[in-house]
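Hi,

Here is the structure I said I would pass on.

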Amino acid sequence: MAVIGERWPDRAEWAGKIFSSGWRESEGGTRQVIEPATGDTLADVGIASPADVARAGARAAAAAGEWAATTPADRVEVLLRASGALRERSDTVREWIVRESAGVPAKGDYEIAAALAQLTHAVGLASLPRGEVLEPQAPGGTSLAWRVPLGVVGVVNPWNAPLLFALRALAPALALGNTVLLKPDPLTPVSGGVLVARLFEDAGLPDGVLHVLPGGAETGQAVAADPHVAMIAFTGSTEAGRAVARVAGEGLKRVLLELGGKNSLVVLEDADVEAAAFAGAVSSFGYQGQACVAAGRHLVHTDLVEAYTDALVRHALAMRVGDPREEGVGIGPVISVEQAGRIERIVDESVAAGARVLTGGRREGLFYPPTVLDRVDRAMPAYAEEIFGPVAPVLPFRSEAEAVEIANDTAYGLAAAVHSGSVPRATAVAEQLRTGMVHINDVCAKDAANAPFGGMGVSGNGSRIGGTASLEQFTQWRWMTAPGPS
């Protein structure tokens with residue numbers, strides 16, 4: 001067994017267990033954590049059963065009142081100590097991210113930096129003004145409205161950015177006075193769960209405020225259904241998001257959904273081709289394309305298609321595929337056999353329908369090389385489906401109107417990028433795209449702790465996370481009146 005961080009996060013304490021008022025045996029048994037690049041077993045973790053979730057929900061509800069009653073300064077101190085612990089333990093955290101989620105070290109560094117930004121921003125949320133003095137209904141009376149914690153928040157997390165996405169919801173939820181049930185994906189339960197629990201243990205978070213419950217769909221459904229849970233924050237596929245929302249809807253819970261995308265990178269004829277191709281390569285090939293904000297279509301003006309695809313192919317060929325721990329590797333394996341099979345099917349069916357592979361297109365085990373497709377049309381899976389792999393489908397257009405029409409020809413609406421030599425022109429195109437996020441002369445895949453992150457269409461349910469949107473999501477209004485002197 002490959003051993004990571006034997007002294008921290010203290011494997012003997014957490015191996016094969018869940019975190020719920022301390023580390024404890026689970027009724028759901030255990031599961032091995034497998035390193036995608038090597039097939040090595042990295043650890044055993046506990047899997048939370050529905051009964052484990054029910055007990056955790058009751059404990060979180062019992063702790064909610066006391067945690068909500070703490071001062072913002074007290075909650076801020078916990079977040080600051082957690083941030084300090086993450087900085088101190090960053091080498092171990094990075095190794096877990098690299099080996100468990102198969103990202104290169106730069107991906108681990110990015111995720112740690114972004115997670116720290118989430119903690120920092122949550123510190124500010126804790127002390128934001130949360131109320132209003134309203135005009136009273138009677139002379140001399142009082143009318144006040146203010147935001148209060150929801151109570152218990154369920155966070156259901158994906159495998160592709162496990163630490164970041166855990167803290168993106170967990171940090172503001174805790175800062176605003178909620179307790180949390182965190183369900184990390186069973187493919188990345190350590191970097192998305194165990195490490196989070198250990199960081200907050202080190203930070204002195206009171207008992208019962210955070211529960212970490214690894215598991216699959218059954219565990220996630222139990223979290224969504226638990227009567228103590230007031231809200232679900234879910235990040236993942238649109239299909240899984242619908243399933244979680246159906247269960248949560250039965251309990252009339254608030255649901256925050258950040259789902260999939262079929263994102264377009266649009267290259268107008270006056271764009272800097274080399275800069276656009278670099279942004280396109282990062283957007284489609286970074287972390288093996290396993291991001292909801294990855295570029296799923298490259299829409300390029302006909303005058304630039306040849307130069308753009310040549311540059312994109314050069315970037316693809318320059319990226320070495322292999323074990324992400326090895327020096328110089330730019331592309332690691334995809335996360336699972338199922339995901340590799342999905343990428344392979346989409347590419348093979350598109351090629352059979354007439355698409356052309358300019359580079360890549362053949363996998364070895366879990367390793368799928370950066371792939372550029374041209375001659376893609378609307379009848380092909382590469383046009384319509386979210387690939388979630390390192391594949392760049394290139395489509396030509398002749399006018400801005402055609403580019404906008406193609407970009408909007410999807411049920412998704414998460415992110416986009418527009419490249420042009422004129423920022424006003426790119427902005428005019430960007431404003432016509434039905435996406436929750438759009439970036440000018442940049443990559444599709446961007447994230448910021450102070451920005452409202454989320455999408456339109458089936459990329460979400462209109463909710464946003466980040467910035468002051470998190471204040472809205474993780475609290476609710478209370479109105480109080482009092483009469484004036486009699």
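Where domain 1 and domain 2 meet, 20 residues of domain 1 are in contact with 21 residues of domain 2. Keep in mind that this is a predicted model. The domain assignment puts 11-259 + 460-479 of the protein chain in domain 1, and 264-440 in domain 2. Their centres, taken over C-alpha atoms, lie 32 Å apart.

How much area do the two domains bury between them? It comes to about 1,600 Å², with 66% of that on carbon and sulfur atoms.

As for polar links, four residue pairs are in polar contact between domain 1 and domain 2, counting pairs with both residues at pLDDT 80 or more. There is also one salt bridge across this interface. Glu 35 forms a salt bridge with Arg 325, and their closest N and O atoms are 3.5 Å apart. On the side of domain 1 that touches domain 2, the elements giving two or more residues are helix H4 (90-101) and helix H5 (105-125). H4 gives the most there, with four residues.

I also looked at one of the sheets. This one is open and has three strands in the order E5-E6-E23, paired antiparallel. Strand E5 (131-133) and strand E23 (475-482) are the edges, each pairing on one side only. On average, neighbouring strands here are turned by 15° against each other, ignoring direction. Strand E6 (residues 142-149) pairs with E23 over eight bridges, in the antiparallel sense. To find that pairing on screen, look for Thr 142, which stands opposite Ala 482 in E23.

Cheers

Note on methods:
Residues numbered from 1 in each chain as written. Predicted model: local features only at pLDDT ≥ 70, side-chain atom pairs only at ≥ 80, totals over all residues. Heavy atoms only, no water. Pairing = 2+ DSSP bridges. Axes fitted to C-alpha atoms, helices over the stretch in contact; angles between N-to-C directions. Domains from an automatic or database assignment. Contact = heavy atoms within 4.5 Å. Buried area = accessible area lost by both parts, 1.4 Å probe. Salt bridge = Lys/Arg side-chain N within 4 Å of Asp/Glu carboxyl O. Polar contact = N/O pair within 3.5 Å; in protein donor to acceptor, adjacent residues only side chain to side chain.
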